[in-house]
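Hi,

Here is the structure I promised to pass on. My notes follow below it.

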Amino acid sequence: MTVLLLVIPLALAFGLAGLAAFLWALRNGQYDDIEGAEHRALRDD
Amino acid sequence: MCCTDTALAYIEAHASWSEANTTPSLGRDYAAFVTRDGEGAARASFAVEGIRCAGCMATIERGLARVPGVARARLNFSDRRLSVTWVPEAEPDIAAILAALDALGFTGRPFDPGRVSREEQEETQRLIRALAVAGFAAMNVMLLAVSVWAGALSDMTPENRDLFHWIQAVIALPAAAYAGRPFYEGALKGLRSGRVTMDFPITLGVVLTLAMSVVETLSGATHAYFDGAVMLLFFLLIGRVLDQAMRRRTRAFAENLAALRSTGATLVAPDGSLRDVPVSDLDPGARILLRPGERVPADGVVEQGLSDLDQSLVTGETAAVTVRAGARVFAGALNGNGALTIRVTAPAGRSLLDEVEALMGRALEARSRALVLADRATRLYVPLVHAAAALTLAGWLAAGAGWHGALLNAVAVLIVTCPCALGLAIPAVQVVAAGALFREGVLLNDGTALERFATIDTVVFDKTGTLTLPEPVLAGDLTDVRAARLALSSRHPMALALAASAGDAVPFPGAQEAAGLGVRANVEGVALRLGSPAFCGAETQAAATLAAHPDASVICFRAGEGVPMAFPVRQDLRPDAAEVVASLRESGRRVLILSGDRAAAVAAVAGRLGVAEWEAGLAPQDKIARIEALQRGGARVLMVGDGLNDAPALAAAHASLSPATAAHVSQAAADALFLGRSLTPVLAVLKAGRRARRLMLQNLWFSGAYNLLAVPLAAIGLLTPLIAALAMSGSSVAVTLNALRARGRP
């Protein structure tokens with residue numbers, strides 16, 4: 001069961017990385033214009 | 001003073017026809033709209049009208065990038081706002097941006113987001129951050145919790161179980177401390193003002209659950225409820241975020257409307273120079289110039305000039321009022337054909353606005369005492385749940401279970417009744433219903449209005465601007481096309497109605513507008529005149545026309561010394577007003593018209609709509625008195641109105657609705673605003689209200705039934721964390737799915 005000591009911190013680290021990425025995106029204003037973003041994704045320039 | 005005279009003379013001399021001349025280009029002062037960042041780069045926000053497709057986004061951004069000095073232009077498609085950043089050394093030229101937008105086919109106005117909306121933005125961000133943290137914690141704690149539940153059936157050792165519990169504690173405790181803050185603060189604030197809000201049982205439930213779980217973990221017990229606590233926070237925060245997003249969207253839209261409608265004010269500087277400033281920059285004592293066809297930007301006293309004012313947005317009176325030096329004017333009145341210099345007065349004393357605001361304050365206070373469903377549910381729920389927990393504790397102690405077991409079961413009752421479903425039951429329906437109304441062109445100011453709309457049995461309409469459209473149209477036939485051509489040269493609102501029927505005729509060259517009187521032009525040696533009856537010597541014709549069209553005003557025309565003509569001009573009914581009133585009556589509701597306008601004008605409209613109960617010439621306090629009398633008689637009144645004089649009545653009524661063209665004060669007092677020329681939103685809100693209330697009640701009953709099942713289970717000590725998690729998420733999902741039905745069938 002010693003593998004738990006490796007796997008659990010690893011899982012938590014992934015989770016925290018995801019959380020940090022979300023908070024960074026939020027602070028960066030990437031969620032300010034959700035409707036516009038879906039159109040921008042399809043713009044070809 | 002002499003300099004102002006020059007300015008007035010300048011305006012009057014140029015008031016003859018020419019779009020460029022009627023709005024002389026002044027040095028516009030937009031400094032208030034520009035903010036600078038750390039590197040000195042200027043930024044400004046604009047509300048933009050006319051964006052209909054995603055293509056507009058690219059058009060605007062590319063078009064503005066070519067304006068010299070602009071570093072970046074970015075359009076926010078969700079709230080129709082444009083943010084422009086200039087390169088650091090460039091001087092921000094807002095007029096150039098507006099001109100560029102205009103050339104691209106859009107209307108824009110510089111826009112100052114203001115403190116309130118920034119605070120709102122921060123609150124949204126804070127809630128989303130809390131939601132993210134709660135989501136992270138819920139997922140990871142659940143991962144460990146599921147392992148423990150699965151381990152209980154297989155061969156998990158107690159050491160491993162304790163380790164898993166401790167890891168859960170390490171994740172859940174800081175996460176709950178951070179993510180639960182909106183609820184803890186709400187509960188504290190409620191307690192300080194002596195009220196128990198829904199935040200209180202939430203806080204109590206979360207804190208007790210966590211505390212008990214830590215104690216259980218310390219003693220190496222089988223069950224810990226960390227997952228329940230964070231999941232509860234996660235679900236409740238989803239409700240809060242949705243609620244906040246709805247409010248923000250409505251507010252952003254209303255702010256855009258306000259920005260697009262505001263024209264600013266023309267300030268007369270002490271040296272006589274003129275500049276355009278935002279209305280918020282006007283101080284009492286400032287002198288402003290009001291050109292023909294503009295709206296009065298702020299309350300004040302006329303210093304100079306003579307003109308007709310259309311006060312319909314202020315008093316509901318459709319006949320123009322002549323004002324001269326010394327007269328009081330109120331924000332929202334539409335100027336006729338003369339230029340006026342106005343001294344802005346401090347909002348003090350017995351002005352109309354103060355009176356209106358005092359009446360409104362009283363009315364709103366009365367309304368806030370009325371309990372909405374959510375309050376009633378809280379009042380019922382909190383004592384019941386706490387009594388159940390106390391009974392459980394006492395019962396187990398009496399049965400000789402000992403403090404530990406008894407406390408454990410009492411806390412289990414609190415956990416399982418934590419108002420997860422109850423907390424989502426009402427906001428979820430409000431959010432979905434508000435979104436559905438938004439698509440129909442109705443902006444909901446207040447979520448609790450939905451349940452008030454549901455119980456309406458009496459509908460009171462204001463006439464001017466509500467049953468009728470705000471802009472006047474010609475009521476009779478155009479008997480001389482020269483009148484319409486001449487009207488093209490005037491900015492007077494009544495002349496605009498005449499001009500609308502001119503077709504593609506061009507204005508007479510050299511037409512001149514005489515302040516306070518009308519327009520004149522010399523055409524092939526004949527002097528043409530258009531304006532007031534006195535100006536055209538048409539008193540007899542005007543009186544005859546008024547007798548034939550009691551709800552109209554007249555504008556007169558005379559060619560040389562020929563027989564003068566009088567044209568009736570009136571505000572036309574909204575195209576579907578008759579059908580809406582008919583279907584309101586069909587559904588058994590009482591319909592009344594309460595207007596500030598003349599009796600003859602109101603009678604004509606009431607007659608055409610088939611409304612028997614109407615009153616005219618009412619002051620704001622009369623309207624409020626009528627509505628209060630109706631409500632004392634047991635009626636639930638919906639007030640639909642737009643004028644400043646309607647604001648107290650809007651606040652006093654059980655529920656209220658305003659067109660988006662309404663005066664600012666009325667917009668603020670109304671529960672909802674509707675866009676467009678149609679009156680069907682009145683029917684739409686009533687229908688949406690009934691549907692929303694039905695769903696809210698269903699949700700509340702469902703939450704109650706769920707508690708009824710879960711509480712006995714918890715009280716007898718059968719609640720395992722697995723059952724708690726299933727029950728909590730199951731009921732939340734059920735309530736949310738039911739709320740989605742508030743969208744209605746398209």
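Which residues does Val230(B) touch, not counting residues up to four places away in sequence? The list is Ala134(B), Ala137(B), Ala138(B), Val141(B), Ala172(B), Ala175(B) and Ala176(B), where touching means C-beta atoms, placed from the backbone, within 7 Å.

Before the rest, some housekeeping. This is a predicted model, with local features needing pLDDT of at least 70 and side-chain atom pairs counting only at pLDDT 80 or more, while totals for chains, interfaces and linings use all residues. Residues are numbered from 1 along each chain as its sequence is written, and chains are lettered from A and ligands numbered from 1 in the order in which they are written.

Back to Val230(B): with Ala134(B) and Leu233(B), it has the most contacts inside the largest nonpolar core, a set of 170 residues. (A core joins buried Ala, Val, Leu, Ile, Met, Phe, Trp, Tyr and Cys through C-beta atoms within 7 Å; buried means 20 or more other C-beta atoms within 10 Å of a residue's own.) Helix α26 of chain B, residues 681-715, is the top contributor, giving 14 residues. Another core, of 30 residues, lies apart and includes Leu474(B) and Val519(B).

As for chain B overall, 48% of its 746 residues are buried. Its C-alpha trace spans about 110 × 65 × 45 Å along the principal axes.

Then the interface: 16 residues of chain A contact 18 of chain B. On the chain A side, α1(A) gives the largest share, eight residues (helices are DSSP runs of H or I, at least four residues, numbered from the N terminus).

Cheers

Key:
Contact = placed C-beta atoms within 7 Å. Helix = DSSP H or I, 4+ residues; strand = E, 2+ residues; numbered from the N terminus. Buried ≥ 20, exposed ≤ 12 C-beta atoms within 10 Å, placed from the backbone.
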